[in-house]
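Welcome! Take a moment to turn the model around on your screen before reading on. We will start with a term you will need, and then walk through the structure piece by piece.

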Amino acid sequence: MKQTLIELLDARVRAALNAVGCEGAAAVIAPSGRPEFGDYQANGVMGAAKARKMNPRALAEQVLAQLDLAEIASKVEIAGPGFINITIAPDFLAQQLEAALADEHLGVPQPASQRVVVDYSSPNLAKEMHVGHLRSTIIGDALARVLRFLGHQVIAQNHVGDWGTQFGMLTAYLIEAEQEGEVALADLEDFYRRAKQRFDADEAFATRARECVVKLQGGDAQVNALWQKFLDVSLHHCESLYAKLGVGLKREDVRGESAYNDDLSVVVRDLQAKGLAVESEGAQVVFLEEFKNKEDQPQAYIVQKQDGGYLYSTSDLAAVRYRAGSLKADRVLYVVDARQALHFQQMFTVARKAAYAPESMKLEHVGFGVMLGEDGKPFKTRTGGTVKLAELLDEAEHRAFALVSEKNSEMPEAQRREIAHVVGIGSVKYADLSKNRNSDYVFSWDSMLSLEGNSAPYLLFAYARIAGVFRRAENFDAAASIVLTEEAERQLALALARFAEALQTVARETMPHFLCAYLYELAGQFMRFYEACPVLKSEGSVRESRLRLCQLTARTLKTGLGLLGIETLEQM
RNA sequence: CUGCCCGUAGCUCAACCGGAUAGAGCAACGGCCUUCUAAGCCGUAGGUUAGGGGUUCGAUUCCCUUCGGGCAGGCCA
């Protein structure tokens, strides 16, 4: 059975702890930050010693005597107050890498799978996608890919905004625009703006817009057809951006607010029947003792407005019911702006109370901060408008093209365009994914597309270098064994052996930046190896072994970048 | 008023449920291309982790508090 190095060490150290009478003590294995402290350290001894009022150093001695790492470690020693430092044996590492090379999944374990719903992207279809939708879209996509790779059954849900009063306004305006023979929907943003202007300025139009909402919800054929037409155009727009971004969302993943329309009244009646929802100031609300409002009273979670209309708080509850009941989810990830944190906490609370979400189904809000401009304020255009996502991506490709052309003036334009696409889009995504999603982050063209450092081009360059090696290697032995003699080789090997750990951390913490950090570390180790250890110029088994290391590095980089939704290049 | 997130090198960010000397990149300075792609590598310099208490063998991490920034809190999403 496949397992990660950490799992392996964890099991061995726990066994040793058991053997000396510390049943149930955690091993606490962590990569050690410094070479002089070995590759991994077991820190659990100190915790166990504390719990049993023992001398940690003495306990470490006992554990060490029982610890069997014969074929795994080349050195095991006690250091400091009671750390056990472990250095992995080169032969064992080599064996791990060979196993990974022989495995389609690069040796990554695929545990019993869960059904995981990932709710992400979820744009408002009334308008064009803007930069605010970028984070949800790519963070969600990366998480979906990683979870899938780890063997989980991922159900993507694009909970688009396709319902509500604004669609009455839009269909009403569409009726007029059609009559005037306009090609109205070419620019969604413009269309929305003109409709809104009309709505605000013309009372008669506003009335027709409200009538359209009623007709829409009542199933009126004409209004529904127009609404469908609008959605289709808007979804096409989204899909073109998904394609450009390399995001895997499909039309069948779309299940918008409108899909829950028929359930809304059911949910409210059910909440009333369960004694959760009560009338308050004409609205139907669920009072939550767990949250206080401004008057220090229980917070009201509104599920139906005074005028009888429903809110997103209602459709979110309907969606939970669907995800538990029809999708049979074990875990649901909501990749949504951190500003909605309170809403999700409350919604989860209501969903639990109403038994829409069984205790066994985990609900997690995967929040993220906003994108800021270089001035530290929300990222806007010079005139203060929202930046369209399409424009941002075009700009990224433009800048990347200039950069590529500067580096490779003699390269055919078509190839430079291809490289610019991968570098440009990859840079935008990587710049975002490489940061801890919890905090706001500063969007900077310079640091993003800069030639150096922790950026997409660095990783892509590492991959392209390996591709270059294989272009020149006329033959190589794909069954050659790996031998790690140089320290640079061993460090690269160690990084390669940690791929699965990185992925598991990403899945557990729902933090894609751990994968970025891992890939950056791996690429760095490869660069050092590349400088220190000639591949094609060495001979015999050394050459073959190094080619195998290159091969696994390339596959790991390509796979890892692929999980982030970033393409690779054979040449750049 | 209440709650959540954040504050780490000049700048942008890390630090894996508490671990050893807080790490990278940019910017600055100094080296390395007749040898597999220099979008690279090596080195130097840069820190009272916002301030103050506490918990303990050990705190950027946990608790309390002050300051500063962002966000949310009854009919928008």
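A crossing of two helices is called left-handed if the near helix is turned anticlockwise from the far one by less than a right angle. Keep that in mind for later, and remember that everything below describes a predicted model.

**The chain as a whole**

Chain A contains 20 helices and 13 strands. Along the principal axes, its C-alpha atoms fill a box of roughly 85 × 70 × 40 Å. Of the 572 residues in chain A, 44% are buried. Looking at contacts in chain A with a separation of 6 or more, 72% are between residues 24 or more positions apart.

How far apart are the end C-alpha atoms of helix H1? Helix H1 covers residues 5-19, and at 1.5 Å a residue its 15 residues should span 21 Å; the end C-alpha atoms are 21 Å apart, so the expectation agrees with the model. Several residues of H1 are buried, among them Leu-5, Leu-9 and Arg-12. Just after H1 comes Gly-21, which takes a positive phi of about 95°.

The buried residues of H19 include Phe-514, Leu-515, Tyr-518, Phe-526 and Phe-529. What do the buried residues of H19 pack against? Their partners are the helices H5 (134-149), H14 (413-433), H16 (456-472), H17 (487-497), H18 (499-509) and H20 (540-563).

**Helices that cross**

Two packed helices are described by the angle between their axes and the distance between the axes. Let us look at H20 with two of its partners.

The axes of H16 and H20 come within 10 Å and cross at roughly 140°. H16 passes H20 in a left-handed crossing. On the H16 side the contact is made by Leu-459, Ala-462, Tyr-463, Ile-466, Ala-467 and Val-469, and on the H20 side by Cys-550, Thr-553, Ala-554, Leu-557, Lys-558 and Leu-561. Sorted by class, the contact of H16 with H20 has ten nonpolar, one polar and one charged residues.

H17 also packs with H20, at an angle of about 35° and with their axes 11 Å apart. H17 passes H20 in a left-handed crossing. Here Glu-489, Leu-492, Ala-493 and Leu-496 of H17 meet Leu-549, Leu-552, Thr-553 and Thr-556 of H20. The contact of H17 with H20 has five nonpolar, two polar and one charged residues.

**Residues with a positive phi**

| Residue | Phi |
|---|---|
| Gly-21 | about 95° |
| Leu-106 | about 55° |
| Thr-510 | near 50° |

Leu-106 has its positive phi although it is not a glycine. Leu-106 lies in the loop between helix H4 (90-101) and strand S5 (115-119). Is Leu-106 buried or exposed? It counts as buried, because it has 21 C-beta neighbours inside 10 Å, and 20 or more are needed for that label.

Thr-510 is also a residue other than glycine with a positive phi. Thr-510 is found in the loop between H18 and H19. With 23 other C-beta atoms within 10 Å, Thr-510 is buried.

Asp-316 is found in helix H11, residues 312-325. Asp-316 counts as buried because it has 25 C-beta neighbours inside 10 Å. Asp-316 and Glu-257 are 59 residues apart in sequence, while their C-alpha atoms are 8.3 Å apart in space.

Now turn to Lys-75, which has its place in strand S3, residues 73-79. Lys-75 is exposed, because 12 other C-beta atoms lie within 10 Å. Leaving aside residues up to four places away in sequence, Lys-75 touches Gly-38 and Thr-87. The C-alpha atoms of Lys-75 and Val-335 are separated by 43 Å, and the two residues are 260 residues apart along the chain.

**Around the RNA**

Finally, find RNA strand B, which 80 residues surround. The closest are Lys-305, Asn-436, Glu-452, Gly-453 and Gly-468. Which helix gives the largest share of the surface near RNA strand B? That helix is H16, with nine residues. By class, the residues of this surface near RNA strand B divide into 37 nonpolar, 28 polar and 15 charged.

Methods
Residues numbered from 1 in each chain as written. Chains lettered and ligands numbered in written order. Predicted model: local features only at pLDDT ≥ 70, side-chain atom pairs only at ≥ 80, totals over all residues. Helix = DSSP H or I, 4+ residues; strand = E, 2+ residues; numbered from the N terminus. Contact = placed C-beta atoms within 7 Å. Axes fitted to C-alpha atoms, helices over the stretch in contact; angles between N-to-C directions. Nonpolar A, V, L, I, M, F, W, Y, C, P; charged D, E, K, R; others polar. Near = placed C-beta within 6 Å. Expected span 1.5 Å × (residues − 1).
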